[in-house]
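Have the model open as you read.

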Amino acid sequence: MSHALEVPLSAADGGIPARTLDHLEWKRLRDALLARCRGASSRRRGVTFAASAAEAATLLAEAREASKLLADGEALPLDTLRDVTDHLERLAREGTLDAPALSDVIHLLANAQAMRRFLGPRRNKVPALFAAAPFDPSLDELQHQLTRAVAPDGTLLDDASEDLKRLRNETAVLRERVLARLQDVIDRHGDLLSDRFYTLRDGRYVLPVRADAHDRLPGIVHGASASGSSIFVEPRAVVDFGNRLKVLEAEREREELRILGALSELVRESLPALGEAASALDRLDLRNAAALLGRDFGGSVPTLSELPGAKLRAARHPLLVLDGINVIGNDIEIRAGHGLVISGPNAGGKTVVLKTLGLCALMLRAGLPIPASEDSTLGFFSDVLSEMGDEQSTATNLSTFSAHVRNLASLLSRTRTGSLVLLDEVATGTDPSEGAGLACALVDEFCARGGALIVTTHYEALKALSLRDTRLRSASVGLDHEHMTPTFHLLLDVPGASSALAVARRFGLPAEVVASAERFIPEQSRDFEQLVRTLTDSAARLQAEREQLASERASLSAARSELDARAANLREQSKVKLSKEAERLMDELRGARSELDSARSTLRKTGQTSELVEEAQRKIRQVAASVAIGSEIMTTLAQNAAPSGGAPIIAPVVGARVYVTRLRSEALVVELNAKGKVLVSVGAMKLWVDANELRSLAPEAAGQDNAKPAVASSYVPDDPAVRSSDNTVDIRGLRAEDALAMVESFIDRMYGGSARIGYVLHGHGTGALRSAVREHLERNLPYVDRVRAGDAVEGGEAMTVFYLR
């Protein structure tokens with residue numbers, strides 16, 4: 001599997017020139033990413049750019065999944081990763097690893113196993129990350145064999161082999177005997193020693209003997225102290241033991257080397273799988289670092305668009321955000337063959353906007369989240385080209401302008417569809433009129449070659465071109481003229497005033513100099529500047545009003561949602577209460593009928609008057625009273641009673657008046673369900689009946705021919721209501737927009753109360769306000785059931801009556 005993050009960054013990677021990387025300060029952003037990596041190898045591999053849109057889509061999918069895991073509290077289980085690159089290269093050259101290197105390999109295998117066990121159960125949740133980490137399960141056995149031989153501290157265990165255990169045990173026993181003999185010599189010849197301790201010289205145990213007494217202690221001399229006052233002597237009593245100890249240590253070292261060689265060969269057999277595991281862990285480390293970076297600057301993974309372009313929402317400069325600066329988010333839009341011309345005062349944020357887009361384009365190719373809202377879309381740019389700042393070359397004898405033009409020519413030759421071109425203050429440093437003409441020509445050519453262009457300028461000619469050329473879009477950064485401070489807010493479709501003199505006045509230039517400068521400016525330029533300033537101020541006020549209106553609309557929507565929820569809750573509580581009451585009444589009715597049948601049966605079985613018969617007759621009278629006309633049950637069933645029904649109803653609808661055969665009464669359809677049941681309302685009682693029990697109203701009651709099966713009518717008779725100040729809103733004399741807002745607010749208040757009929761007094765006039773109100777009530781407000789004109793008593797066409805659901 002080919003991974004985009006396996007090659008160190010170079011200027012040529014992905015077609016990104018080194019100048020562009022320098023202009024955009026990419027190294028700072030890259031270092032911020034690598035600082036969040038857990039492994040040294042990930043940092044050493046660095047960050048590369050995807051070479052294609054498909055590769056970028058894979059990286060973005062991985063970053064999106066890593067960010068989701070991080071947000072869910074399930075971050076990738078990455079322990080501090082050790083760099084095994086040199087170890088694997090040594091094995092590839094048939095070298096042998098020492099025990100600490102083998103410990104690093106074990107650490108790699110443990111991380112690979114933990115990651116495989118983490119991703120496996122989540123493969124459906126994070127399919128891209130799972131596919132990016134093809135860990136070989138057979139490496140678990142290699143890990144098991146290595147951990148039996150190598151300790152976590154990077155030493156060989158005694159159990160690595162039986163011979164090693166034996167040799168180490170024999171060495172330990174012999175060393176104890178040597179030390180015991182040395183202690184005995186110290187005790188017996190302490191007066192000959194310069195100090196009561198032993199030490200090692202060339203692997204032999206020696207004692208520090210005074211220089212004037214060394215010939216009195218038999219043994220082998222192995223050197224002297226730096227001062228010459230002590231002679232290091234190996235006592236004769238331990239020489240034989242020392243010789244045997246050296247032999248054992250040599251055998252132990254040979255065994256250890258044999259074990260290390262065998263273990264290295266074992267690791268070498270799995271070298272390809274180990275290389276893939278190391279690369280996969282580094283890739284996951286970078287993806288986790290990308291998620292951490294996105295979290296730290298409040299970013300999101302953008303949607304990759306099919307065409308090279310950008311629709312960024314609330315985009316911010318990532319480095320400024322990471323520096324802790326409160327950055328204003330801006331909407332930035334651009335597409336191939338089109339340009340965005342940004343104007344406005346110096347230090348207003350024009351270059352920041354330009355760099356923000358450039359960095360976002362690079363971040364997408366590196367598979368990183370961008371500092372923009374989640375609804376942002378960004379395309380794959382095969383080239384990101386830039387020209388920013390002054391550049392003067394003494395080596396080539398080029399002036400600032402000459403170097404600038406040379407760079408522009410180089411960018412122009414590389415521009416094609418798929419290129420993002422960033423030009424800061426294009427064609428400056430020469431005659432203003434010629435520079436403006438050159439700027440316009442360059443912008444035209446960059447767009448003609450298919451580049452997506454974003455350019456900053458102070459040239460009036462280029463500002464005017466952006467208003468005429470359909471390929472260009474004007475934009476500006478704002479200036480608070482009251483306080484003479486930049487707003488850093490990008491305003492689309494409005495050119496910006498440079499406000500050079502205002503800025504000069506703010507930064508302390510004498511007022512008389514500024515006034516003199518104003519006189520030297522051509523009248524046409526002053527008029528253009530004033531016009532642009534007026535447009536900018538108007539657009540800023542409009543934007544502020546739009547934002548305030550959106551905020552108020554959101555507040556109203558939230559309040560309306562709360563009222564709807566409260567009303568729905570009240571209706572549900574009422575429905576439950578009525579349903580229980582209906583069940584109770586029907587249970588009483590069935591019980592009464594059952595008792596009546598029982599009593600009648602008892603009378604038929606007996607032919608004589610007895611206490612039993614008298615009891616039965618008494619029950620009959622009780623039951624008869626409970627179901628007689630005027631009783632609670634029959635009064636409820638008789639309310640709104642209709643003559644016997646007409647034809648069966650094929651498709652009942654909510655709100656229809658129907659005849660229920662079981663109840664022998666007219667009822668209102670309240671609710672339907674999928675099991676053929678219908679909830680009907682009879683006066684204050686609601687109960688479920690079968691749909692086949694419904695009939696259309698008889699012709700004399702319904703006023704229509706029901707000879708054939710029909711669909712129930714949805715007509716609901718008007719409820720009687722008296723118009724008052726509480727249920728009437730007067731909108732006469734208002735503009736339509738304000739009037740509709742007042743009507744919505746009025747209905748919101750009514751909806752929380754008990755009234756269900758409202759009146760809108762709009763007057764006669766031209767009829768425009770009346771039409772707007774009725775259309776708005778019928779089409780845009782789901783909680784309005786129906787609308788009608790007022791009758792003669794209510795005010796006729798000057799009044800609109802509405803019914804709430």
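Are Phe746 and Phe802 buried or exposed? Both Phe746 and Phe802 are buried (under 20% relative accessible area, with exposed over 50% and partly exposed in between, using a 1.4 Å probe and protein chains only). This is a predicted model, where local features need pLDDT of at least 70, side-chain atom pairs count only at pLDDT 80 or more, and totals for chains, interfaces and linings use all residues. Residues are numbered from 1 along each chain as its sequence is written, and side-chain values use heavy atoms, leaving out hydrogens and water.

**Aromatic pairs**

- Searching the whole structure turns up 3 aromatic pairs (rings of Phe, Tyr and Trp, the last by its six-membered ring, with centres within 6.5 Å; planes under 30 degrees apart are stacked, over 60 edge-to-face and the rest tilted).
- One of them is tilted, because the ring planes of Trp26 and Phe49 meet at 45 degrees, with centres 5.2 Å apart.
- Trp26 belongs to helix 2 (residues 26-34), while Phe49 is in the loop between helix 3 (40-45) and helix 4 (53-71), 23 residues apart; helices (H or I, at least four residues) and strands (E, at least two) are DSSP runs numbered from the N terminus.
- Trp26 is buried at 1% relative accessible area, and Phe49 is buried at 6%.
- Phe746 and Phe802 form an edge-to-face pair, because their planes are at 90 degrees, with centres 6.4 Å apart.
- Phe746 is in helix 23 (residues 736-751) and Phe802 in strand 23 (residues 799-804), so this pair ties together parts 56 residues apart in sequence.

**Charges over rings**

- The charged end of Arg201 sits over the ring of Phe232, 4.2 Å from its centre (NZ of Lys or CZ of Arg within 6 Å of the ring centre and within 35 degrees of the ring normal).
- Over the face of Tyr803 lies Arg786, at 4.2 Å from the ring centre.
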